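Subject: Structure for your records

Dear colleague,

Here is the structure you were going to look at. My notes on it follow below.

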Amino acid sequence: MLEQMGAAAKAASYKLALLSSREKNRVLEKIAEYLEAQSHEILLANEQDLLEARRNGLSEAMLDRLALNPARLKSIADDVRQVCSLADPVGQVIDGGLLDSGLRIERRRVPLGVIGVIYEARPNVTVDVASLCLKTGNAAILRGGKETWRTNAATVKVIQQALEECGLPAGAVQAIESPDRALVNEMLRMDKYIDMLIPRGGAGLHKLCREQSTIPVITGGIGVCHIFVDDTAEIEPALKIIVNAKTQRPSTCNTVETLLVHQRIAERFLPALSQQMAQSGVTLHADSNALTQLKDGPAKVEAVKAEQYDDEFLSLDLNVKVVADLDDAIAHIRAHGTQHSDAILTRTLSNANRFVNEVDSSAVYVNASTRFTDGGQFGLGAEVAVSTQKLHARGPMGLEALTTYKWIGFGDDTIRA
C-alpha cells in the first residue's frame, strides 16, 4: 500500500513543481471553499473520533488538541486563504552573478519533492501541511494519530476533491488511514519516494524517527519552555506575561512549563504569583526555596519532582524554581530545555542581551510571552512544524523551509579552461 502511495506522491510532485503561483493559489482557494462547504462531514467524523478518544481515557489536553468545532474549522479554512496571500518562494533567485569563466550562475529555490509528516491528535495539521506543501509545489504523505483517523480521512477527501476539480492528481496529498504502527516503521524507510520527514508529536516519536529513519528528519515541537524573572522585573507586567504564556492554550508546545525566579525578587514576587495562579486555576510545582514562599498562598502548590523539569505538562501546571542569578537560570535552561522557546522578563539591557546571546533556543524573547512561537504570529502563515534543530530549518517552518535550491549555469558555448 505504501509503495503505491509513494509512487503516486512522487509522480504528483513532478506536476506540482511546474505550477505557477496563480495555479497553486486556485487550488488553495478551492480547498478553503470545500472545507467550509463540507464542514458537516468533517465535524461529524471529528465527533466520532472524540467519542472514541474519551472512551479510551485521553487527557483533557489531548482532547483539546483533537477537537474541532465550526469556529476552529473556519479558522483553518481562513489559514489556507492566508497562505494564498503569501509570496511564493519557488523560482526565487537567491543569489548569483557572472563568473570570470563567462558562465552566469544563479541559485534558485525549488520544491523539495515529497514531504512526509507523522503527527498525533492535531487535525489542523492535516490542512496546514497540505496547504504549505501545495503552495511550494510539494506532494505530501500524512500519517496522523489513531485518535484522529476519521477526521483526517474526511479532511483529505475534501482536499483531494479540490485537487481533482483543478485538474491535479489526488496523489498530491494522501493520508495513511490505518492505525497499524508497523506502517510508521515502513514509512520511515521510504527514502525512494519521501524527501523530508517531519514528526510532530511526543519525545518517543521523535526518538523513533531519529533512530530508524533513512529519510532526512526535521525534529521539534517538544516545548519545555522557560521564563526567567530577573531581579529588575516589574511584578504586574511580569504576571500578565506569565498568565498568557501558561493559560492562553495550555496544550501547545510554546506554553511555558517552568518559571525561574531570581532569589532577590522571590519574597515579593512569589506571593503575588500565588494570587494570580489561584485566579487562573494553575497548580504550582515548587522547589524547596519557592515552596517556602508559596505554601501559605491561595494557589494549589506541591513539591516539584525532578523529572517534571524535563517534561511538558500541556496543562494548567507550572514548575517554579528560585535561582541565584542569571547564570543559574541559563544553566537550568541548558540542562532541561528543548531549544524551543525561552524568555527573560527584565528591565536591564545587559541581562536581556546576555540571555539572548547565551540561551541556544530556536526562539528567545525579552519581556514577551513564549506563545508567539507560531508561523502565523511570525508572519509566515500556517506552519508545518516548529524545528528545534539547526539544519535545515529552525523555529516555525513556513514556506521557505519547504524548499531547497538548485544551481543553474547559463553559458554561451562556454567550456572550462
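How many salt bridges does a search of the whole structure find? The search finds 22, a salt bridge being a side-chain nitrogen of Lys or Arg within 4 Å of a carboxyl oxygen of Asp or Glu.

Before the details, note that this is a predicted model, in which local features need pLDDT of at least 70, side-chain atom pairs count only at pLDDT 80 or more, and totals for chains, interfaces and linings use all residues. Residues are numbered from 1 along each chain as its sequence is written, and side-chain values use heavy atoms, with hydrogens and water left out.

Salt bridges

Aspartate 195 and lysine 10 pair through their side chains at 3.1 Å, N to O. This pair links distant parts of the chain, 185 residues apart: aspartate 195 sits in the loop between α8 (182–187) and β6 (196–200), and lysine 10 in helix α1 (residues 2–16). Helices (H or I, at least four residues) and strands (E, at least two) are DSSP runs, numbered from the N terminus. Lysine 10 is buried at 17% relative accessible area, while aspartate 195 is partly exposed at 28%. Here buried means under 20% relative accessible area, exposed over 50%, and partly exposed in between (1.4 Å probe, protein chains only).

Arginine 264 and aspartate 231 form a salt bridge at 2.9 Å, N to O. They too link distant parts of the chain, 33 residues apart, with arginine 264 in helix α11 (residues 263–280) and aspartate 231 in the loop between β7 (225–229) and α10 (235–247). Arginine 264 is exposed, with a relative accessible area of 64%, whereas aspartate 231 is partly exposed at 23%.

A salt bridge also joins arginine 72 and aspartate 64 (2.9 Å, N to O). Arginine 72 is partly exposed at 25%, and aspartate 64 is partly exposed at 25%.

Surface patch

Phe372, Phe378 and Leu380 make a nonpolar surface patch of about 250 Å². Patches are made of residues with over 30% relative accessible area and no salt bridge; like charges are joined within 9 Å and nonpolar side chains (Val, Leu, Ile, Met, Phe, Trp, Tyr) within 5 Å. Accessible areas come from the Shrake-Rupley method with a 1.4 Å probe, and for residues only the protein chains shown count as cover. Phenylalanine 378 lies in the loop between β13 (363–366) and β14 (386–387) and is partly exposed at 38%.

Regards
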